[in-house]
Structures are given as C-alpha cells and as structure tokens.
Amino acid sequence: MSTKKFLLRKWLGHPVARSLLLWLLPAAFLGYFFYQPLLALFNLVLSGSATSGQGLNLGTLNPSRMIWRPLSFTAGQAGLSTLLTLIIGLPAAWLFTYFTFPGKKFFKTLTTLPFILPTVVVAAGFNTLLGPRGWINLGLMAYFNLTAPPIQFLNTFGAILLAHVFYNTTIIIRVVSNAWSQQNIRLQHAAQVLGASPWRTFIEVTLPQLRPAIFAATFLVFLFNFTSFGVILMLGGPQFATLEVEIYIQALHLLNLPLASVLSILQLLCTLLITVGHNWVSGLGKVSPTSTARRIVPRKPDKLMERLVLFVIITSLTILLVAPLTSLALRSFVKLEPTRGERSEFERGLTLQFYRELAVNRRGDLFFVPPITAARNSFLFAFITIGITLTLGVLVAYAQKNGAILNKILDPLLMLPLGASAITLGLGFIIIFNHPPFSTWRFPILIPVAHSLVALPFIVRNLSPALKNISPSLHNAARALGASPLRVWREVDLPLLAPSFLVSAIFGLTISLGEFGASTFLVRPDYPTLPVAIYRYISQPGALNYGQALAMSTILMVVCAFGIFIIERLQKPEKDIF
Amino acid sequence: MRIKTIFLIIFAFSLLIAACTPKTSPVDAQSLTIMTHDSFAISESLIAEFEAEHGVKVIFVRGGDAGTTLNQAILTKQNPVADVFFGLDNTFLTRALSEELFMAYESPLLEQIPAAFKIDPDNYALPVDYGDVCINYDKTYFSAHNLPVPTTLEALTEPQYATLLVVENPATSSPGLSFLMATIAHFGEDGYLEYWSALKENGVVVVSNWETAYYTNFSGSTGQGPQPMVVSYGSSPAAEVIFAETLLDESPTGSIIGPDTCFRQIEFVGILKNSSNPELAKTFVDFMLSVPFQEDIPMQMFVFPVNPHADLPQAFLDHVDYPEQPASLPPELIDAQRETWINAWIEVVLD
C-alpha cells in the first residue's frame with residue numbers, strides 16, 4: 001500500500017473527516033436550494049437595489065404591535081398547542097406500540113390524514129361540525145330548543161389550539177411509537193425481575209430510553225405551531241397574529257418587502273434558538289446503544305382495565321381527529337340546495353355531482369386540470385421528495401453518528417427551513433432560479449426540492465436516533481466475521497433501520513402532498529398539485545365550487561391513504577432477527 | 001432481502017420521474033410569457049387562435065395572488081422573466097408605476113375604451129377589466145324577516161341590522177381593503193373611523209379572508225352561516241346561478257348598490273421593460289383589449305370588460321346589479337395612505 005493511499009484511508013478513518021464527507025451532499029443541497037435564494041432575497045431587498053430606492057425604512061415599524069405582541073403570542077400559543085398535542089399524542093403512541101386491535105393500521109392512517117389537508121379545507125371541515133350552522137350546534141339547538149347556537153368556536157383561541165392538535169398529533173404518534181416499538185424490552189424485564197413496580201419501570205427505564213424521540217417530536221410540533229399561518233388566519237380570526245401572519249401582511253398586502261424580510265430573519269433566529277436549545281436539552285449524540293434488542297410485540301388487550309383505557313384513547317382520537325375528516329368527506333356527497341322561497345327547508349340528498357363536475361371543463365378554461373392529473377402531479381412530487389429526503393437523510397444520520405462538534409453547527413442549519421416562511425422562500429426561488437438550468441416556472445423539480453427542505457428535518461430526527469441505537473458491537477461482530485463494510489450496512493443497519501425508513505417515507509409523502517404555501521409560487525398553471533387545485537375551487541363563489549373543493553379534498557385524503565398503504569406494504573412483517 | 005430492493009425501487013422510481021419531467025424546450029420558434037395572478041383564466045380555444053394567428057407559443061406564469069405577483073415582477077425587474085404583466089389593480093397601480101416596471105404603449109384600441117378607466121395618462125398600464133366589491137345579501141333572509149334591504153352605508157349602523165354583516169380584515173384580504181376604501185371614499189379620511197366604530201357597536205363581524213366570510217359566515221351561499229350580508233363581489237350573484245347545484249332561475253343573493261356601497265377595482269396590463277419581444281407583446285395587449293378577449297372575461301374571471309363593444313353573457317345581464325355610483329379613490333392617495341388607514345382601522349375595530 002502506498003503512503004498516499006494509507007494516509008487517505010487513515011484520514012477517512014477519522015470520525016470527524018468521515019462525518020465531514022457525509023455532510024457534503026446534504027450541505028450542498030441546503031446551501032444551493034435554501035441559503036442561496038434566501039440570502040439573495042434579503043440582500044436584494046434590504047439593500048434597496050430591487051425596489052427603486054426603497055431600502056429598509058424602519059419608520060413604519062411599530063415594534064410593540066408588529067414584533068413583541070406577535071412574538072409573545074406566537075411563542076405562547078405554540079407552547080400551549082404543543083403541550084395539548086403531547087397529552088393526546090403520547091397515550092396514542094403507547095396504544096399503537098403495545099396493542100393490536102381490529103382495523104389498527106387503517107385507524108393509524110386516519111390519524112395521519114389531518115396533516116396533509118389545506119387549512120382552508122380544515123376550516124370548512126370544522127365549520128360543518130362546530131360552526132354556527134354545524135351539525136353539533138344544530139343538534140344542540142334542536143334538542144334544548146335554543147334560538148342561538150350555544151357553541152362559539154370559530155375565531156376563538158380554542159379553535160387555534162384544537163386545530164393545532166388536529167394537525168400535529170400524528171407527528172407525536174409516528175415518531176414516538178416508532179422509537180417505542182424498537183426499545184429493548186429486556187431492560188424493562190430486568191427491572192421488573194429486580195422488583196421494580198410497573199410505574200417505576202416506566203419512569204426509570206422506559207422514559208429515559210424514549211426521551212430522544214419525545215424531545216424530537218415535541219421540537220418538530222413546536223416549530224410547526226410556531227410558524228403556523230393558515231390556522232391562525234382562518235380559524236383564529238383577525239384578532240390573532242403570529243410572526244408568520246405579520247410577514248404575510250407586510251409582504252403581500254402592504255408590499256413592504258424590507259420589513260417582511262426583517263420579520264423573516266427574526267423568525268429564523270427564533271428557529272435557530274429553539275433548535276440549539278432543543279439540541280442542548282436533548283443532548284444531541286448522547287444515546288447509549290444497547291447491544292441486544294428484543295422488541296415489543298403488540299398484543300391484544302386482555303385485562304378489563306386495558307380495554308377501558310384503550311376505549312377512551314380511541315374514542316378521543318376519533319372525536320378529535322377523525323370526526324372533522326368524516327364530516328368533511330360526508331359533506332362532499334351531500335346536496336344542500338335550499339328549495340326556493342323556503343330557506344329553512346333544505347332539500348338534502350346524496351349526490352355524486354361534485355365528483356362528476358370535477359372532470360368536466362364546462363367553461364373551456366385553459367388552466368382546467370382534471371382531478372386525476374392533479375393527483376398524478378401530487379404523487380409524482382411526493383415520490384421525488386421521498387427519494388431526495390431519504391438519500392440526504394441517511395447521509396446526515398450517519399454523519400451525526402460521530403463528529404459531535406460539526407453536528408452542533410450543521411444540525412441547526414438543517415432545521416432552519418422549518419422556520420422559513422413560504423413567502424420568503426418562494427420569492428427567493430424566483431430571484432435565483434429564473435434561468436436555466438433551474439427555471440422556477442419551467443422546471444417543476446423545484447417543487448419537490450422545496451418540499452424536501454421542509455421534510456428533511458423530520459427524516460433526520462427520525463433516522464438519527466434509530467441509527468445511534470444500533471450497537472457498535474453488532475458492527476464489530478460482523479466485521480470480525482469478515483463482512484465487507486457494504487455488507488455490514490446491508491445486513492445489519494438496513495434491517496434495523498427499516499421501521500424508521502418507513503416512518504420517514506410517510507413523513508416525506510404527507511409533507512409533500514399537503515404543502516401549499518411554497519407550491520403556489522412554484523407550480524406551473526398546467527401542473528397544479530391537489531391542494532393548489534382545491535384552492536382554485538374554494539376561492540370562487542357558488543355551491544358547486546364549494547362542493548368540488550370538498551370533493552377534491554376527499555380525493556386528496558384517499559390519495560394519501562393509498563400512498564401510506566403502499567409504503568407500509570413495502571415493509572415485511574416484523575420478524576425478530578436476534 | 002426485501003427491504004433493500006424496495007428502497008432500490010423507490011430510488012430508481014424517483015430518478016425515472018425526475019428524468020421524465022419536461023424540460024425547457026429552447027426550440028420554440030417564438031414564445032411570449034405572460035405573468036399574472038392565480039385568478040387569471042382564459043378559454044383554451046381563444047388562446048389557441050392567437051397562437052395560430054401569430055405563430056407563437058403563449059406561456060402563462062401564475063404565481064399566487066395579485067400582491068405576490070406584483071412582488072415577483074418588482075424583484076425580477078432587472079432580469080425579467082416575462083414579457084407582459086397582467087393583473088395590476090388600481091390599489092397597487094401607483095406602486096407599480098413608481099417602480100418603473102413597464103414601457104408605455106398607446107394601443108390603437110384604447111380609443112374604444114371609456115376615459116373613466118384610463119387612469120394612467122401615459123399608458124404604461126392599460127385597463128383591461130373592472131369589477132366591484134359590493135355587499136351581497138341573502139334574499140330569502142330579508143324577505144322571510146320582512147326586513148328592508150339596506151341601500152346606504154349609513155343604514156348598516158341601524159339597530160335592525162345589528163350583527164347581520166360580515167366583513168374581511170383589510171390587512172389580510174383584498175375585498176376587505178376595498179370595502180374599507182369605499183367607506184373612506186364616502187365618509188372622508190376624517191369620518192370613516194367614526195363610521196367603523198358605529199359599525200363595531202352594531203356588531204359587525206370581522207373574519208380574515210373572503211373564503212371564511214363567504215362560505216362560513218354568509219347565509220346566502222352554500223355554507224348557510226349566521227350573517228345575511230357579506231362583503232364580496234358584484235358578480236357573485238351571477239356566480240351563484242352559474243355554479244348552482246341545480247338549475248336556478250333567480251340568484252339566491254343580490255348586491256347592495258347604493259351610493260359608494262361598492263368599490264370599483266380596475267385591472268391593468270403592462271408590457272414589462274426589457275421584454276425580449278416588445279412587438280409581439282404589443283400584439284398581445286391589443287388582443288386583450290379586443291372584443292373576443294373582452295367577451296371571454298366575464299365567464300372566466302367574473303369581472304367585466306372595459307370595452308363597451310363587448311357583449312355580456314346572459315347570466316350577467318340577468319343576475320348582476322350594477323352600481324350607479326361606485327366608490328373610488330385616487331391611486332396616489334391609496335398608495336400613500338394604505339398602511340395608515342389599515343393600522344387606524346385595526347386600532348378602532350380589532351383592539
């Protein structure tokens with residue numbers, strides 16, 4: 001072996017160097033597709049060279065109303081929403097980890113669907129259920145003979161919290177139950193053999209093992225709530241404003257891009273701070289791998305108590321997550337045309353009219369797109385997103401296995417896209433990518449790229465802890481038995497990572513299918529995704545448009561459920577390999 | 001080893017998809033790019049005719065709402081990505097002109113267009129269509145409750161109309177801003193806040209966006225909400241008939257068309273400076289002002305043609321009420337005061 005080769009190999013053997021190498025591609029991706037457009041926008045806007053002489057003019061800035069009030073409200077609602085989501089999500093994660101029940105897979109898919117729905121549709125769904133003329137208020141009014149709807153739901157703080165729980169519970173369920181089901185159950189057994197009560201075992205053995213996953217899920221939910229936009233605007237109403245809402249107002253309604261940029265930078269700084277804080281608390285990279293794994297095998301609930309608890313959890317999940325979905329889907333099959341002259345009498349009837357109309361281009365509109373085409377576009381973008389994020393996610397996860405210093409710096413930079421508002425990213429894309437090879441409007445690959453930026457943090461937060469849990473002794477054993485590094489990866493890491501890959505792919509799918517903000521900037525008129533198509537209908541008056549928007553949303557849910565079904569089918573039923 | 005093959009399949013699949021996505025086709029002999037907002041629509045046959053006649057491929061880029069699109073045009077003005085910009089309205093007109101986005105073009109068709117629409121005397125921005133933001137009312141509610149439909153802005157503060165009106169927040173909604181400006185046009189900059197506090201006292205409901213106002217709060221459309229009056233568009237009653245679930249011979253809603261109850265929005269087109277094909281861009285602007293395109297406007301975009309030679313579709317003749325005295329404000333004033341008005345409004349109505 002020549003000295004050069006030897007040095008190279010030695011250098012590659014160094015953990016920091018290896019991690020540097022692994023970071024190369026993800027960092028290049030982020031730098032090119034995220035930091036470049038963002039910095040270009042800020043530079044152009046704040047220097048005033050884009051707008052004729054209108055640089056940053058802080059004269060119109062009212063710090064207490066535009067910064068401090070939204071900021072404290074943003075943080076407060078995000079904290080409270082996250083707490084409520086944990087209260088609902090953790091018992092649900094426990095349920096999905098330990099027990100089997102009829103229809104479990106389907107039910108788990110249902111709890112994922114809220115995540116993908118456009119806010120404007122969710123607002124409509126909540127309205128059909130809880131609005132002034134929703135099923136519940138109408139029922140209560142009829143039953144108690146009331147003249148006014150008893151529940152005031154829309155435009156309240158409660159609506160914001162409920163909608164955030166509705167949207168994000170799936171994050172807690174998926175991330176935590178994935179980690180939970182891969183726990184080494186032998187430790188629990190050992191504790192119990194040594195005389196620990198089940199409660200003490202849970203607190204002292206299970207919980208510490210789950211900590212990274214719970215922290216990661218909490219972090220992701222918090223950031224999602226922190227940058228919440230549609231929910232605040234449409235369900236919270238005009239008296240509530242987060243930073244993201246202020247950015248939107250400044251950029252699109254007042255055309256004050258400099259101020260919008262300053263607020264965006266502030267939001268990014270907050271995201272950075274939250275990420276660093278999270279990494280510090282959760283101790284990024286401090287997972288103690290366990291050598292032998294015996295995993296939890298879900299079983300049927302047998303004791304009466306267990307069944308009771310299960311019943312309570314499933315019922316509350318159904319009420320919170322499934323009922324609004326169902327109400328929405330039902331509404332897309334119901335005709336509600338008032339008979340003339342008698343507005344109180346509604347001619348209710350089942351209809352497929354909204355679905356039939358979706359395929360008809362009645363006005364010969366150039367931009368008409370049948371639902372099947374929109375679904376195909378959405379699927380296409382989603383699968384490219386999965387491809388990009390899994391590739392980059394695996395690289396980052398391996399890089400994070402060692403080289404701690406580097407990760408402390410690079411990891412927060414990777415999470416930053418979660419704090420970037422769709423408006424700033426979209427405008428940045430338009431400045432940078434308006435000429436070949438990447439032209440925003442002529443090259444749809446930028447859509448899955450934008451989706452990948454948002455999805456990557458989820459994938460990394462899923463894969464990284466799973467990878468760290470793989471004990472080095474397994475690698476050493478395989479190596480000692482003469483396996484090549486590639487073979488070690490294929491036969492040790494890959495099977496152990498498979499469940500996390502699955503969860504990652506589902507996050508990639510759902511984030512891409514549901515993304516609306518950046519897509520509106522990047523979508524070509526003849527290439528709309530499902531959420532963009534939904535918005536086209538609901539932004540026009542007329543019963544048919546409203547019905548078609550709900551029909552399209554139902555199609556979106558079915559498409560997503562189908563996607564999850566395919567991804568889950570790819571995984572072989574769990575078998576105990578050790 | 002199944003898992004491995006699965007991921008191989010996923011990667012291969014995504015690579016395949018990436019490879020299949022259409023690329024830029026530089027072979028287009030001639031192409032013309034139109035930048036516009038996402039409410040823009042046009043008949044397929046009409047654009048095909050234009051393309052055949054001029055041997056050109058017309059590419060539309062639609063990026064978000066009117067504000068988003070204008071932002072895009074401003075940010076890319078050194079490096080324009082389109083030849084023609086359509087969808088600038090009178091509230092953003094001054095801003096766009098001061099950014100010097102356009103080149104002037106005195107289209108021969110401007111002769112046909114009434115002077116009231118030609119707000120930019122130098123013809124950087126040419127009027128294409130107009131629409132009114134009006135209060136829509138639920139006909140059945142008013143007849144069932146034997147309540148006269150209010151005909152003035154002042155009437156809305158009367159106790160009999162308490163809690164019956166839903167409006168949009170002018171900070172987050174463009175019809176909301178238009179209605180605020182209608183009240184400013186009517187009551188003046190000194191009087192509008194007083195009017196709004198009277199409206200607030202009378203229980204006006206404020207929501208963030210048109211979708212919520214129209215489909216959740218308004219009782220006249222399919223949402224059957226609690227308010228029988230909503231700030232929407234003058235053309236919405238016609239849309240209710242055209243997009244009805246069953247055939248209707250009368251619209252369930254109407255527009256209140258008293259003095260200054262409606263605010264007029266005019267939409268303009270302009271040829272972007274540094275357009276790579278200004279001659280063709282001019283031809284396209286002429287096309288937009290000509291009768292065939294003008295007649296296509298109502299059914300596609302639910303606004304009205306500025307060219308009086310264009311005939312309106314039957315539904316628009318039957319179901320739309322036209323205000324005789326729509327409110328308007330000078331574009332320069334809007335540009336200078338917009339933020340002040342909105343902030344003052346927020347303090348009076350929301351705080």
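## Ground rules

Residues are numbered from 1 along each chain as its sequence is written, and chains are lettered from A, with ligands numbered from 1, in the order in which they are written. Because the model is predicted, local features need pLDDT of at least 70 and side-chain atom pairs count only at pLDDT 80 or more, while totals for chains, interfaces and linings use all residues; side-chain values use heavy atoms, with hydrogens and water left out.

## Where the chains meet

Let's start with the interface. Here 91 residues of chain A are in contact with 94 residues of chain B (contact means heavy atoms within 4.5 Å). Together the two chains bury about 8300 Å², 60% of it on carbon and sulfur atoms; buried area is the accessible area, with a 1.4 Å probe, that two parts lose on being put together, summed over both.

Between chain A and chain B there are 0 salt bridges (a side-chain nitrogen of Lys or Arg within 4 Å of a carboxyl oxygen of Asp or Glu). Helix α15 (residues 371-399) of chain A gives the most to the side of chain A that touches chain B, with 7 residues. Helices here (H or I, at least four residues) and strands (E, at least two) are DSSP runs, numbered from the N terminus.

## An enclosed helix and an enclosed strand

Helix α5 (residues 119-130) of chain A has 12 of its 12 residues buried, so the rest of the structure largely encloses it. Buried means under 20% relative accessible area, exposed over 50%, and partly exposed in between (1.4 Å probe, protein chains only). Among the buried residues are F126(A), N127(A) and L130(A). The end C-alpha atoms of α5(A) are 16 Å apart, which agrees with the 16 Å that its 12 residues should span at 1.5 Å a residue; the expected span is 1.5 Å times one less than the number of residues.

In chain B, strand β8 (residues 229-233) has 4 of its 5 residues buried, so it too is largely enclosed by the rest of the structure. Strand β5 (residues 126-138) of chain B pairs with β8(B) in the antiparallel sense over 5 bridges, with I135(B) partnering V231(B). Strand β6 (residues 165-168) of chain B runs parallel to β8(B), joined by 2 bridges, and L165(B) stands opposite M229(B). Two strands pair if DSSP finds at least two bridges between them.

## Salt bridges within the chains

The whole structure holds 15 salt bridges over all chains. In one of them, E568(A) meets R174(A), with the closest N and O atoms 3.6 Å apart. This pair links distant parts of the chain, helix α23 (residues 543-569) and helix α7 of chain A, 394 residues apart. Both E568(A) and R174(A) are buried.

In chain B, E100(B) forms a salt bridge with K273(B), at 3.9 Å between the closest N and O atoms. The two residues sit in loops 173 residues apart. E100(B) is exposed at 53% relative accessibility, whereas K273(B) is partly exposed at 35%. Back in chain A, salt bridges that share partners join R299(A), D302(A), K303(A) and E306(A) into one network.

## Two positive phi angles

N145(A) is not a glycine, yet has a positive phi of about 60°. N145(A) lies in the loop between α6 (135-144) and α7 (157-181) of chain A and is exposed, with a relative accessible area of 69%.

T163(B), another residue other than glycine, has a positive phi near 60°. T163(B) is in the loop between α5 (139-144) and β6 of chain B, and is partly exposed at 43% relative accessible area.
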